[in-house]
Amino acid sequence: MSKFKKKKSGDLPAISTASLPDIVFMLLFFFMVATVMRQNTLMIENKLPSADQIEKLDKKDLVMYIYAGKPSSRYRASAGSEARIQLNDKFADVSEVKAFILAERASKREELVPFLTTALKVDGETNMGLVGDIKKELRDIQALKINYTTRTGSAMDNLN
Amino acid sequence: MARRSAPEVNAGSMADIAFLLLIFFLVTTTIETDSGISRKLPPPQEENIEPPILKQKNIFVVELNKNNDLLVEEVPMELKDLREAAIKFLDNGGGQGVEACTFCQGVKDPSSSDNPTKAVISLRNNRETNYSAYIAVQNELVAAYTTLRNREANRLFGKSFVQMEKELKDVNYSGNKESLKEDIKKVQLMFPEKLSEAEPKK
């Protein structure tokens, strides 16, 4: 009869945690892959307008980013509430755009320079005057390929 | 009656399941890329160059004033009608003789554009104009060109212009890329994007 007299305790056996590392690694890899690293810390408000006639900016290393918009609330005391340009990690003046483009060009291989694109990430509330000034600087320095970075969506949303 | 303890679950295959999931996510996730409207700026101009003389009827003036109101040929217009109006202007084909447009399906109004290759859209904005309104207008104008190009590409090559451009970028495209490039160029030349932007008014 001892055959049937096993443990009589009712508590459940411990669940094996041997696979926990696997799950953790899986999550880790997933987030590693899915995360986009931000190159710049934004110091401005950057709510992009939406558009539907868009092209993808594929080659990340060939894109130079120029941000513009109103300084975010944290920087408002020091930078004012007028729309500003942000290059790399600091506020900049329109006159600094040229130097920025030249520095970016210098850091790229020579044969890639003609393919460089300037992505304008401009907040929807910005006045066109500032954007026009940036475009004028870009024209002067022959950085003619630009991309108005937008969100995907209907252009009609922009007017509300 | 003694309760039987549950047998331990074999966890040996858990790792396999984990890896399966991992590979699934690896394959299906795409890193988010930025996208936007690509444009080319005109090269800087020399001071004493005379602007080319254009017939008034070949210019389609789109203006955004400082209150973000849209004026097309000096008449107020809703944004949603802009695309249609731009298509109508570009596709008009009112030219005669050498300037005639063989593929246009417009109304051939003699007071509108002669030929898509002659038609220029002039976009003017104020310094106070909102950037988002400007993008909306840009978007509609680009859409007008794309619609017309799609139509012609469909007629000539049996696929839309957007599709052709997509195939050109596709690494796995099986057809001849050189001839595809030629075809794209042909369609682009039929409806060249002539979008002129004036310096914003003060």
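User: What makes β3(A) and strand β4 (residues 84-87) of chain A count as paired?

Analyst: Three bridges link β3(A) to β4(A), in the antiparallel sense. Two bridges are enough for a pair, so these strands qualify. One bridge sets A:Ala68 against A:Ile85 in β4(A). Keep in mind that this is a predicted model.

User: Which other strand of chain A is joined to β3(A), and how do the two run?

Analyst: That is strand β6 (residues 117-122) of chain A. Six bridges join it to β3(A), and the two strands run parallel. In this pairing, A:Tyr65 has A:Ala119 as its bridge partner.

User: Why is strand β3 (residues 63-69) of chain A called largely enclosed?

Analyst: Count its residues. Seven of the seven are buried, so the rest of the structure largely encloses the strand. To be buried, a residue needs 20 or more other C-beta atoms within 10 Å of its own.

User: Which residues of β3(A) point one way, and which the other?

Analyst: A:Val63, A:Tyr65, A:Tyr67 and A:Gly69 point one way. A:Met64, A:Ile66 and A:Ala68 point the other way. Both groups are buried. In a regular strand, side chains alternate between the two faces of the sheet.

User: What does A:Ala68 touch?

Analyst: Leave out residues up to four places away in sequence. A:Ala68 then touches, among others, A:Ile44, A:Ala83, A:Ile85, A:Val122, A:Leu130 and A:Ile134. A:Arg84 and A:Asp123 are also on the list. Each such contact puts two C-beta atoms within 7 Å.

User: Which residues have the most contacts inside the largest nonpolar core?

Analyst: They are A:Ile66, A:Ala68, B:Ala86 and B:Val137. This core has 53 residues. Helix α3 (residues 131-157) of chain B gives the most to it, with 12 residues.

User: How do you know that chains A and B touch, and how many residues are in contact?

Analyst: Contact calls for C-beta atoms within 7 Å. By that test, 53 residues of chain A are in contact with 51 residues of chain B. On the chain A side, the elements giving two or more residues are α1 (20-34), β2 (55-56), β6, α4 (128-140) and β7 (145-152). α4(A) gives the most, with eight residues. By class, this side of chain A has 25 nonpolar, 15 polar and 13 charged residues.

User: What makes β2(A) and strand β1 (residues 35-40) of chain B a pair?

Analyst: Two bridges connect them, in the antiparallel sense.

User: How far apart are B:Lys177 and B:Tyr145, in sequence and in space?

Analyst: They are 32 residues apart in sequence. In space, they are 23 Å apart, C-alpha to C-alpha.

User: What is the strand order in the open sheet of chain B, and which strands are at its edges?

Analyst: The order of its five strands is β4-β3-β2-β5-β6, with mixed pairing. The edge strands are β4 (75-76) and β6 (195-197) of chain B, and each pairs on one side only. Inside this sheet, strand β2 (residues 59-64) and strand β3 (residues 70-72) of chain B pair in the antiparallel sense over three bridges. There, B:Leu64 stands opposite B:Leu70.

User: Which strands does α3(B) lie across?

Analyst: α3(B) lies across β2, β3, β5 (120-125) and β6 of chain B. The helix runs at about 155° to β2(B).

User: Where in chain A is confidence lowest, and where is it highest?

Analyst: Confidence is lowest in α1(A), at a mean of 73. It is highest in helix α3 (residues 96-107) of chain A, at 91. Chain A averages a pLDDT of 82, and 88% of its residues score at least 70.

Definitions and conventions:
Residues numbered from 1 in each chain as written. Chains lettered and ligands numbered in written order. Predicted model: local features only at pLDDT ≥ 70, side-chain atom pairs only at ≥ 80, totals over all residues. Buried ≥ 20, exposed ≤ 12 C-beta atoms within 10 Å, placed from the backbone. Helix = DSSP H or I, 4+ residues; strand = E, 2+ residues; numbered from the N terminus. Core = buried A, V, L, I, M, F, W, Y, C linked by C-beta atoms within 7 Å. Nonpolar A, V, L, I, M, F, W, Y, C, P; charged D, E, K, R; others polar. Axes fitted to C-alpha atoms, helices over the stretch in contact; angles between N-to-C directions. pLDDT = per-residue confidence, 0-100.
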